[in-house]
Amino acid sequence: MPFWLGTLYSFSMTSETLPKIDYAVATRGLTKTYGHDSTRVEALRSVDVAFARSKFTAIMGPSGSGKSTLMHCLAGLDSADGGEIIIGGKNLLSLNDDQLTEMRREQIGFVFQSFNLVPTINAQENILLPLSLAGKKHDEAWFDTVIKALGLRDRLNHKPHELSGGQQQRVAVARALLTRPEVVFGDEPTGNLDSRTGAEVLSLMRSSTREMGQTIIMVTHDPVAASYADTVLLMKDGSIVGTIEEPTVATVSEALASLAE
Amino acid sequence: MLHVALSNIKTYARRYIAVVLAVAIGTAFLAATLAVNSSTQATLKNSLGESYKNADLVAYSDPNLDPETTEQTSFTLKETDDIRKLSGVTEAYGLGYAYGQMHTSDNGYNVQVQPVDPKQGLGGMELVEGRAPLSNNEMIIDQSHAEDMGISVGDVVALDDEQGKAQNIKIVGLQRSSTNPQTSAYALAGMSEKAWSNFAGEQANFNDIVIKGDGALNAVTQEVQDYFADKKMKDIAVVTADQKVIDDVAQMTGGTDQLTVVLLIFALIALVVTGLVVVNTFSVVIAQRTRELALLRILGAKRKQIRSSVLLEALVIGVVASVIGVLLAVALLAGLIALLHALVPSMSYAAMAVTPVGLIVPIIVGILMTVIAASLPARRAMKLAPLAALRPFDSASVKNRAGIVRIIFGAILAALGVALLIFGAVKGDLIVAFLGGLLSFPGILMLASLFVPSSVAGIGKAFAGKSTSRRLAALNAVRNPGRTTATATALLIGVTLVSMIMVGGQTAKASLNNSVAAEYPMDMAVSFFDGTADEAKAKELAEKINDVDGVSATTTFASTTAELDADTGADMGLDGPVQLQLLSVNPEEFSKTVLDQQIVPKPGEIVLTGWDFGKPTIKIGDKTLKVRETSALLSGSPIAEETLKTLGLKNAQTYPGIIVKVDEDVAGSKINELVTEISDITGVDSSMIDGGVVMKSMFSQIIDVLLTIVSALLAVAVLIALIGVANTLSLSVLERTRENSLLRALGLKKKQLQSMLATEAVLIGGVAALLGMILGVAYGLLGAQSALSEMGKMTYSIPWLQLIAVLAISIIAALLASIMPGRRAAKLSPVEGLATE
Ligand SMILES: Nc1ncnc2c1ncn2[C@@H]1O[C@H](COP(=O)(O)OP(=O)(O)O)[C@@H](O)[C@H]1O
Ligand SMILES: [Mg+2]
């Protein structure tokens, strides 16, 4: 186990201990609460976590443990109440909405569970969307590489509704990879797919970390999906409570079962 | 299903705000129209009824009662006296009017004199100061004119009767001023009956006899009728005073009924536009509720129940909106009348009147319109299969199958209408052309689904260029072609009509100007008939006028008379010596000041106007002059100074005058100032300055006023359509919450999202306005052609500036319409948006 995961576990990580390893995303003292008084929920309780570059990390935990909240905060989609989130050397909590938006389109990629694509434009335009919103040209060679890797060559002119669920998710992955972001976030990216198609998309994600060096963080509740990751983080009640390296379906299921107790 | 409908309205209240507003404005327009009509009647009743204020009965002549009488008979003083003696009659007085002029030391006033008698209730007058006139040289006069003239009780004034016979008369009292619009031009005076009949002389007759009775009015009526029957005056009607007022008002309001009809047409246009907004709103709301409705079907709701639930919603909205609209109209009108009372005290008789019919009709129309408009989308909702609840909702693009029936019907109407329109324009037949417009416009609107979405798409694509967010906006604008068509059509109707009347008005103005120029070849002519200026003085004044701003050239003329050779006169079918008015001019200067070079005489020529004189020459004295003919209207026949000298006229009466040419760019409204200025310089009364420019300014001012009124009326329809644009946009935004959040997640900034929605609104609004303008220009030109081609040569003129203003207003309003939905969309954080189902 790399030493940083150990420190994570003990919630005593300090910035002095961090620089030795190359992290894509790191947080410190991240908190987020919903509601107030009687409806108050502490969704994130001072979370300190760091995600190594070029690794595929899965976040797991029981329903309501704060996985989605963590991911949304990390991705700059939702605002945390306190703490720090460092991506590409910048603290997301100190950015205004426009800076955050630029951050999202340049440094962060997304693959959502569903409704990933803009329905009015075709696959290629969807893939290029973050770049064209930024008014930037794409790298042809890189585009070809990504398209080829995801097997989308002959689907580029299709509108989203002409694509199958798996193809739609592959387009979303391609879009996320194209900007070569610091990190790609996946929120149950295979939740709506059948297991075979899901497996296909997961392998593609895994190979993009292996072959393209892409950092990926994925929220899932499916032990099979988690087994594609390099590391699994376990969450409970708004805190990180464990990690599993080189996870398998068996080890993940077992850990989840023990968390539920 | 009522509770489903009500809870739907509650849940989706925000989505209905705009449609309620639209329906309320449409209904308010209708209610205001009806209230204007009833208020005009009430106002007239107030003022016309003044003469009969204290009366029970009125006797008057109605020629329709007796086939032998063709003219209204009037009553004599004797008849009035006889009636007073009838049993049951307590008072009777004749309403008679004699006219004269009253002089004070420095002014004269027209007066209308009525007989009054203190015993007979003063003939309907109300004394406010002094006493009633008793003897022959006493008179009372109305308060406000007394004030104007500086007369008070006790003064003696000079009074001329219609024959100009003068007498001195003492003012012994003041009476309340009349509010009857028919008499307000006169000072209202009263004399004793005897004095009045002396003053009026042969005209001492009454139009009506006003009677007050005691006890049973029926008996009194019978008594009076018998009296006239005995006298064989078969044309005399005796009615109650109230009835008489109602009849008088009906007679007078022939004109206001037309106003009501015109207003109703505009109200109808506003309601059609409102209907489109309603159709659109319900289509969108139902589309958004597809799953919910289908779920109801799965749970056992019958098709009819689904439909009636939608119709019930429409009914509730219709009721609420119509009531709001009617209240709005009543409040508005009451406010206006209160304002009128406050600002113009003499209009105190203006009254607000709302009839139950005037309240109920707009409410019913508003409700029916809402429900009928909603029934189309409701039918579509009814056809929804239960399975639609389970189908994944794909909002990428909706294919609306344009009803083939509608397309065919629209095409037939449009083809027929356009054919009639063109026929009418070519033949100069306004009625045929109007019919053509009436058929073709709805036809074209039915075909809107064929050209509106493609125009929006085409222009959107061109406008988007390389910008991704603008490209997305263009795609979104035509995502649901049916919705886009309905939204755009609502706006297109108003813009077409507005630009039509602008182009029509402008062309009418230009054409009238041209025909005026042909008839009146001079802008202005000042004549010194009375010899206040000699030729030298006229030249000097002409120089002065030349320096006035807005004057481009001046010249002088001398007007003189010459006797035509007797033979020439005979040739022209005239006997005796024929006098010809000549205008002696310097041809060179003259040609610079006139608009038609045809009237410039060459040496040896005389210009004859409007005479069908077939001969090439005429003779004056022993000189033969070549005739140059013109159709223009001139006060004399232009002839060159040099030519005139050779005629050797003697003893001719001569007076000078000045011709003024006005700069072409002087606005119509400035002409009056210019006329006043020239009148001041020359000392000639402005009413004596004539010429085409005055006519032109009158025409263009009349047309401008009409254009302004009609545009203001149509603006209501445009406003409703713009509310429709805002409505469609905000509903679409709701529908695309997830998609917009996705775009935000992927890097669309708040500002970009807002400008994307603004672009969408501008595309729909701008393209609708553009198409409306194109249609409006075509209709305007064809309409003007068919209405005016009889007048002669047409001058087509398109008011580009005004049209651009209409386009700009539409675009700006569309931008404004996008603000609210844009704000709401931008406020939503990406996570919240993605979480919504
Ligand atoms: N928008 C919200 N408003 C209020 N509470 C929320 C909201 N989103 C999440 N929560 C609460 O925060 C906690 C964490 O939720 P979430 O991050 O969605 O957990 P997970 O994704 O692990 O199921 C839960 O208790 C949930 O009820
Ligand atoms: Mg979750």
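The model is predicted, so local features need pLDDT of at least 70 and side-chain atom pairs pLDDT 80 or more, while totals for chains, interfaces and linings use all residues. Residues are numbered from 1 along each chain as written, chains are lettered from A in the order written, and side-chain values use heavy atoms, without hydrogens or water.

**Stop 1: the interface.** Select chains A and B together. Here 26 residues of chain A are in contact with 24 residues of chain B (contact: heavy atoms within 4.5 Å). The area buried between them is about 2,400 Å², 63% of it from carbon and sulfur atoms (accessible area, 1.4 Å probe, that two parts lose on being put together, summed over both). Now highlight A:Phe115, A:Thr120 and A:Leu133, which supply 26% of the area that chain A buries against chain B, more than any other three residues.

**Stop 2: a charged pair.** Next, pick A:Glu125 and B:Arg471, whose side chains form a salt bridge at 2.2 Å, N to O (a side-chain nitrogen of Lys or Arg within 4 Å of a carboxyl oxygen of Asp or Glu). Between chain A and chain B the count is three salt bridges.

**Stop 3: B:Arg736.** Move to the loop between helix H22 (692–735) and helix H23 (737–745) of chain B, where B:Arg736 is placed (helices are DSSP runs of H or I, at least four residues, numbered from the N terminus). B:Arg736 is buried, with a relative accessible area of 5% (buried: under 20%, 1.4 Å probe, protein chains only). Beyond its neighbours within four places in sequence, show its contacts: B:Asn476, B:Arg479, B:Leu757 and B:Glu760.

Conventions:
Helix = DSSP H or I, 4+ residues; strand = E, 2+ residues; numbered from the N terminus. Buried < 20%, exposed > 50% of the residue type's maximum accessible area, 1.4 Å probe, protein only.
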